[in-house]
Amino acid sequence: MTESASAPTGAVPTTSVSTADLVDEHGDRLRVCDTQFRQFGGHRAFAGRVRTVSCHEDNGLVRELLNSPGEGQVLVVDGGGSLHTALTGDLIAASAVEHGWSGLVIHGAVRDSAVLAGLALGIKALGTNPRKSAKAKAGAVDVPVGFGGVTFLPGDTLYADDDGVVLLPRT
């Protein structure tokens, strides 16, 4: 890569930067998520400032956030690794596209995977399940969430591609 891999402070990150190049450039400052996600969205690489949701088998808060302006951000959802119900599907993901979100990283399941593959959105999740989740809005928004050996903090910058998910701490 001929240019610096990191985005300037306050700038919208570019998705053309590979996670491997970021590791080479930033070393231990970069947090690397060990979770082995599957790709579901139409964009295989995506990046943006992190927003978070912590929830368990309830996607009410996910839907609420993705119906608000995304401004190129990435929503990280800690569903506790549950594959019992899907935390997003085609309608919620389509809303994310409409509202300008860059991507979703879901420590849980999705549904409608064939439709998700055609959306202009990055989506990483553990797997699929056709079962709907609860809609009670149980959980918390913009709190630290952790999985894969890292803590995702609101305001960090997340980069994702076929090699994985990495985080640059907010400056």
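Analyst: Happy to. This is a predicted model. To begin, α3 is followed by G100, whose phi is positive, near 85 degrees.

User: What makes C33 count as buried?

Analyst: Buried means under 20% relative accessible area. C33 has 7%, so it gets that label. C55 comes out at 6%, so C55 counts as buried too.

User: How do you know that C33 is in no disulfide?

Analyst: Two cysteine sulfur atoms have to be within 2.5 Å. For C33, the nearest cysteine sulfur is that of C55, and it's 16 Å away. Searching the whole structure gives 0 disulfides.

User: Why is the pair of F37 and F147 called edge-to-face?

Analyst: Two checks here. Ring centres must lie within 6.5 Å to pair, and planes over 60 degrees apart count as edge-to-face. The centres of F37 and F147 are 6.0 Å apart and the planes sit at 75 degrees, so edge-to-face it is.

User: What makes you say that this pair links distant parts of the chain?

Analyst: F37 is in the loop between β1 and β2, while F147 is in strand β9, 110 residues apart. Both F37 and F147 are buried. Ring pairs also bring in F152, giving a cluster of F37, F147 and F152, and the structure holds 2 aromatic pairs.

User: On to α3. Which of its residues are buried, and how do you know that they are on the same side?

Analyst: I92, A93, S95 and A96 are buried in α3. They cover an arc of only 155 degrees around the axis, so they end up on the same side of α3. On the other side, L91 and E98 are exposed.

User: What covers the buried residues of α3?

Analyst: The cover includes α2, β5, α4 and β7.

User: What makes up the largest nonpolar core?

Analyst: That core has 22 residues, and V62, L66, L75, L121 and I123 have the most contacts inside it. At least two residues each come from α2, β4, α3, β6 and β7, with α2 giving the largest share, 4 residues.

User: Which residues does V62 touch?

Analyst: Leaving out residues up to four places away in sequence, V62 touches V53, C55, L75, V77, L87 and I92.

How values were computed
Residues are numbered from 1 along each chain as its sequence is written. This is a predicted model: local features need pLDDT of at least 70, side-chain atom pairs count only at pLDDT 80 or more; totals for chains, interfaces and linings use all residues. Side-chain values use heavy atoms; hydrogens and water are left out. Buried means under 20% relative accessible area, exposed over 50%, partly exposed in between (1.4 Å probe, protein chains only). Rings of Phe, Tyr and Trp (its six-membered ring) pair if their centres lie within 6.5 Å; planes under 30 degrees apart count as stacked, over 60 as edge-to-face and the rest as tilted. The arc is that of the directions from the helix axis to the C-beta atoms. Contact means heavy atoms within 4.5 Å. A nonpolar core is a set of buried Ala, Val, Leu, Ile, Met, Phe, Trp, Tyr and Cys residues joined through side-chain atoms within 4.5 Å.
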